[in-house]
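Colleague: Before I use any of the labels on this model, I would like to hear what each one rests on. Please take them one at a time.

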Amino acid sequence: MRGLSADAVALKIPPLWRAAAVALLLILGLIALVEQRARILRGGAEVRLRTVPIDPRALFRGDYVVLAYPISTVEAGSGGEDFRRGERVFVTLLRDGEGFARPAAVSREWPKANGDAVVIAGRVNSTSACAVKDDGTTDCGGRRLRVAYGLESYFVPQGQGKAIETTDRSRVEVVAAVSGSGEAAIKRLLIDGKPLYAEPPY
């Protein structure tokens, strides 16, 4: 006797049960995503990030704040020409004298980080980037990568983004949590060192 195909077996299951199974899978997938983010926020290493000026027209879109950071521009080093757009990379962050994270190195493989260093995972957006300095001026010399970490937009409660929209970038600070595997999530948004928004774990 020939075995039943998967389609034939599926057709024998009542439609209501099939719909319930699909809904259950979607719910489980959503719970897994929420728990993954919550795990980063609960147990990730905290890093302080400066933000830098960006085009004001792109600053606030609906209920998302668009953010840019000095750590988004990374010195590629002597092997910089080998990096490709879209490639996953690992950036080693060190804290400066004020406690803000600064990129120290970038590599394709997980680096050996010591002491106070934190490793964050990102993707290369561009293999030729200009650095935006703290004063807002740009430096286009050298070989640099533009790296995205998934921290470039932040959801705020509806109608409450005006304070960020009208605030100078130099006054905005982000505290991000970075997991042991390099995944990152925004934990707090601060203006003048005072918390404006804190991300709940769930």
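Modeller: What follows goes through the labels and the values behind them.

This is a predicted model, in which local features need pLDDT of at least 70 and side-chain atom pairs count only at pLDDT 80 or more, while totals for chains, interfaces and linings use all residues. Residues are numbered from 1 along each chain as its sequence is written, and side-chain values use heavy atoms, with hydrogens and water left out.

Colleague: How many helices and strands does the chain have, and what makes a run count as one?

Modeller: The chain has three helices and 14 strands.

Colleague: What share of the residues counts as buried?

Modeller: Of the 202 residues, 36% do. Buried means under 20% relative accessible area, exposed means over 50%, and partly exposed lies in between, with a 1.4 Å probe and protein chains only. The chain exposes about 12100 Å², 57% of it supplied by carbon and sulfur atoms; these areas come from the Shrake-Rupley method with a 1.4 Å probe, and for residues only the protein chains shown count as cover.

Colleague: Why is S13 called largely enclosed?

Modeller: Seven of the eight residues of S13 (residues 184–191) are buried, so the strand is largely enclosed by the rest of the structure.

Colleague: What makes Asp 192 worth a remark, given its phi?

Modeller: Its phi is near 55°, a positive value in a residue other than glycine. Most residues other than glycine have a negative phi. Asp 192 is in the turn of the hairpin formed by S13 and S14, with two residues between the strands. At 47% relative accessibility Asp 192 falls between the two limits, so it counts as partly exposed.

Colleague: Why is the pair of Phe 90 and Trp 110 called edge-to-face?

Modeller: Rings of Phe, Tyr and Trp (its six-membered ring) pair if their centres lie within 6.5 Å; planes under 30 degrees apart are stacked, over 60 edge-to-face and the rest tilted. The centres of Phe 90 and Trp 110 are 5.3 Å apart and their planes stand at 70°, so the pair is edge-to-face. A search of the whole structure finds one aromatic pair. Phe 90 lies in S5 (residues 88–95) and Trp 110 in the loop between S6 (101–107) and S7 (118–126), 20 residues apart.

Colleague: Are the two residues buried or exposed?

Modeller: Phe 90 has a relative accessible area of 10% and is buried. Trp 110, with 42%, is partly exposed.

Colleague: How do you know that a charge sits over the ring of Phe 100?

Modeller: The criterion is NZ of Lys or CZ of Arg within 6 Å of the ring centre and within 35 degrees of the ring normal. The charged end of Arg 48 sits over the ring, 4.1 Å from its centre, and Arg 50 lies over the face of Phe 100 at 4.0 Å from the ring centre.

Colleague: Which residues does Asp 82 touch?

Modeller: Contact means heavy atoms within 4.5 Å. Asp 82 touches Glu 87 and Arg 108, not counting residues up to four places away in sequence. Asp 82 is in the loop between S4 and S5.

Terms used:
Helices (H or I, at least four residues) and strands (E, at least two) are DSSP runs, numbered from the N terminus. Two strands pair if DSSP finds at least two bridges between them.
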